[in-house]
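Take a moment with the sequence and the fold before reading on. The paragraphs below go through the strands, the helices and a few single residues.

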Amino acid sequence: MVLVSILIAICVFISLKVLFVVRKVEVTGSEKYTAEEISAYCAIPDEINIFKVDTESLEKGLTENFTYIEKATVERKLPDKILITITDGLPTYYSRQQREDMTTYTIYSRGLKQLTQQSALPEELMQIDFDINDRQSLGIFYEVCRRLERQQAQGIKGVSVSRNKEISLNYENRVTIQLGTHAQLDYKLKMALHILQNDLEETEKGVIDASKAGSAIFKPSI
């Protein structure tokens, strides 16, 4: 029994101090931050046992402390490497804020992480108008985005979800598409897109009311 205990202790010591110690930290994926910046933040001690590295805390800390990190994955690669994979948050959406005579724009990533604010209109991005802290509105927004992508819709410049959970789209800053609630969303969206693609001139402005399934009406601006 004494011999077995000694052998177990030796195996544990070798595992902790010799075999599974961190000798390399590799950072990949980011164009916003250098590998040195990421490694310095993580501050993984030399020769620490690889299983003592708190990967979940590092992942959370990286996304919270680096503005442009959308996602961070920290993995143990046996026997001696920690691999940190970074996904940068790319500017994708914006929201508009009006305070007295000042207009500002908040920029969000694809995953709706807030990246920055600016005074210039980010015309190349899609405008969003809904409460991103409301789970139901957020779910409706992502559903709309999936349906738009599935139907290969082009020219959508903005998505709005009202407090009543009614959806409207901005098409090329000249046509507003009213879709009502998300019920039968695919059907209503198909009807609205059909009108856009087949019945309107390229310069026409107005509103497409497709809020009721089975009916889509274009009302030109006067």
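What follows starts with the ground rules and then moves from sheet to sheet.

This is a predicted model, in which local features need pLDDT of at least 70, side-chain atom pairs count only at pLDDT 80 or more, and totals for chains, interfaces and linings use all residues. Residues are numbered from 1 along each chain as its sequence is written, and side-chain values use heavy atoms, with hydrogens and water left out. Helices (H or I, at least four residues) and strands (E, at least two) are DSSP runs, numbered from the N terminus.

Begin with the sheet of three strands. This open sheet has the order β1-β3-β2, and its pairing is mixed. Two strands count as paired if DSSP finds at least two bridges between them. β1 (24-28) and β2 (69-77) stand at the edges with a single partner strand each, so one side of each has no neighbour in the sheet. From one strand to the next, the twist averages 15°. β1 and strand β3 (residues 81-88) run parallel and are joined by five bridges. T28 has T85 in β3 as its bridge partner.

Helices pack here too. Helix α2 (residues 35-42) packs on the sheet and touches β1, β2 and β3; its direction makes about 130° with that of β1. Contact means heavy atoms within 4.5 Å. Axes are lines fitted to C-alpha atoms, for helices over the stretch in contact, and angles run from 0 to 180 degrees between N-to-C directions. Helix α3 (residues 55-65) lies across β2 and β3, and runs at about 160° to β2.

The loop between β2 and β3 holds P79. The peptide bond from L78 to P79 is cis, with omega near 15°. Most residues other than glycine have a negative phi, and most peptide bonds are trans.

Now turn to the sheet of nine strands. It is open, with mixed pairing and the order β6-β5-β4-β7-β8-β9-β10-β11-β12. β6 (114-118) and β12 (215-220) are the edge strands, each pairing on one side only. The twist averages 20° from one strand to the next.

Follow strand β8 (residues 156-161). Five of its six residues are buried. Buried means under 20% relative accessible area, exposed over 50%, and partly exposed in between (1.4 Å probe, protein chains only). Strand β7 (residues 126-129) pairs with β8 in the parallel sense, over three bridges. I128 stands opposite V159 in β8, and D129 has S160 in β8 as its bridge partner. β8 and strand β9 (residues 167-171) run antiparallel, joined by five bridges. There, G158 stands opposite N170 in β9. The hairpin of β8 and β9 has five residues between the strands, and K165 in it takes a positive phi near 65°.

What handedness does the β-α-β unit of β7, helix α4 (residues 135-150) and β8 have? This unit is left-handed. A crossover is right-handed if, with the strands pointing away from the viewer, the path from the first strand over the helix to the second runs clockwise. α4 packs on the sheet, touching β4 (91-99), β7, β8 and β9, and its direction makes about 150° with that of β8.

α4 also packs against helix α5 (residues 185-198), at an angle of about 50° and with the axes 11 Å apart. That makes α4 oblique to α5. Angles under 35 degrees count as roughly parallel, over 145 as roughly antiparallel, 65 to 115 as roughly perpendicular and the rest as oblique. Residues of α4, including E143 and R147, meet L185, D186 and L189 in α5. E143 counts as buried, at 15% relative accessibility. Beyond its neighbours within four places in sequence, E143 is in contact with H182 and L185.

Finish with three residues around β5. S109 lies in strand β5 (residues 102-109). S109 is buried, with a relative accessible area of 0%. Leaving aside neighbours within four places in sequence, the contacts of S109 are E70, G89, L90, T92, Y93 and L115. E100 sits in the loop between β4 and β5, and L112 in the loop between β5 and β6. Neither is a glycine, yet E100 has a positive phi of about 55° and L112 one of about 65°. Buried or exposed? E100 counts as exposed, at 79% relative accessibility, whereas L112 is buried, at 11%.
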